[in-house]
Amino acid sequence: MKKVEAIIRQEKLEILKAAIDHEVEVNGMTVSQVLGCGLQKGQKTHVRGQEVITTLLPKVSVSFILADEDVEQVIGLILDTCQSDECGTGKIFVYPIEEVIRIRTRESGKAALQ
């Protein structure tokens, strides 16, 4: 099992959710509002005539816990729906998961994912 976590632009969330619903069979996802910066290093804005540099930009973190055989398909879908040539498009992280346990039924492993 793997955890696939994608940090993406906020405007790509609904596009990604629609693609996941239509193209991949996943049993759930977790979405969090996050702040961060990378190569983009923030952006300049003006507030009441003063220049303000915002170094932490709003992003969305989308996480999936998947069977190993589903990881590449989900990564491909994230890339297809969220990729752009602009700086600050996001990152995908893949982590190994040792165990999953459903609290309600005490099922573990792949049975807990479904």
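A salt bridge here is a side-chain nitrogen of Lys or Arg within 4 Å of a carboxyl oxygen of Asp or Glu. Bear in mind throughout that the model is predicted.

**Stop 1: the charged pairs**

Select arginine 9 and glutamate 11. The two form a salt bridge, with 3.8 Å between the closest N and O atoms. That distance passes because the cut-off is 4 Å. Which parts of the chain does the pair tie together? Arginine 9 sits in the loop between β1 and α1, while glutamate 86 sits in the loop between α2 and β6, so the link joins parts 77 residues apart in sequence. Keep the three residues selected: Arg9, Glu11 and Glu86 belong to one network, joined by salt bridges that share partners.

Is arginine 9 buried or exposed? Its relative accessible area is 15%. The cut-off for buried is under 20%, so arginine 9 counts as buried.

Next, select glutamate 107 and arginine 102. Their salt bridge brings the closest N and O atoms to 2.6 Å. Glutamate 107 is partly exposed, at 30% relative accessibility. The count of salt bridges comes to five.

**Stop 2: the whole chain**

Zoom out and colour by secondary structure. There are three helices and six strands. Read from the N terminus, the elements run β-α-β-β-β-β-α-β-α. The radius of gyration is 17 Å, well over the 13 Å that the globule rule gives for 114 residues, so the chain is more spread out than a compact globule. Along the principal axes, the C-alpha atoms fill a box of roughly 60 × 30 × 20 Å. Buried residues account for 32% of the 114 residues.

**Stop 3**

Select β2, β5, β1 and β6. These four strands form an open sheet, in the order β2-β5-β1-β6, with antiparallel pairing. Strands β2 and β6 (90-96) are the edges, and each pairs on one side only. On average, neighbouring strands are turned by 20 degrees against each other, direction ignored.

Go to the pair β1 and β5. Seven bridges link these two strands in the antiparallel sense. For a landmark, pick lysine 3, which stands opposite isoleucine 65 in β5.

**Stop 4: two helices on the sheet**

Show α1 with the sheet. This helix packs on the sheet and touches β1, β2 and β5, its direction making about 15 degrees with that of β5. Then show α2. That helix lies across β1, β5 and β6, and runs at about 5 degrees to β1.

**Stop 5**

Select residues 13-23, which make up helix α1. Which residues of α1 are buried? They are Leu13, Leu16, Ala19 and Ile20. An α-helix has 3.6 residues a turn, so residues three or four places apart point the same way. Show what covers these buried residues: the cover includes β1 (2-8), β2 (30-36), β5 (57-66) and α2 (71-82).

**Stop 6: valine 26**

Follow the chain onward to valine 26, in the loop between α1 and β2. Leaving aside residues up to four places away in sequence, valine 26 touches Ile20, Phe64, Leu66 and Val74. Ile20 is one of the buried residues of α1. Now draw a distance from valine 26 to glycine 38. The two are twelve residues apart along the chain, and their C-alpha atoms are separated by 29 Å.

**Stop 7: arginine 106**

Finish at arginine 106, in the loop between β6 and α3 (110-113). What is phi of arginine 106 near? The angle is near 65 degrees, a positive value in a residue other than glycine. The relative accessible area of arginine 106 is 72%, and the residue is exposed.

Methods:
Residues are numbered from 1 along each chain as its sequence is written. This is a predicted model: local features need pLDDT of at least 70, side-chain atom pairs count only at pLDDT 80 or more; totals for chains, interfaces and linings use all residues. Side-chain values use heavy atoms; hydrogens and water are left out. Buried means under 20% relative accessible area, exposed over 50%, partly exposed in between (1.4 Å probe, protein chains only). Contact means heavy atoms within 4.5 Å. Two strands pair if DSSP finds at least two bridges between them. Axes are lines fitted to C-alpha atoms, for helices over the stretch in contact, and angles run from 0 to 180 degrees between N-to-C directions. The radius of gyration is taken over C-alpha atoms; the globule rule is 2.2 Å times the number of residues to the power 0.38.
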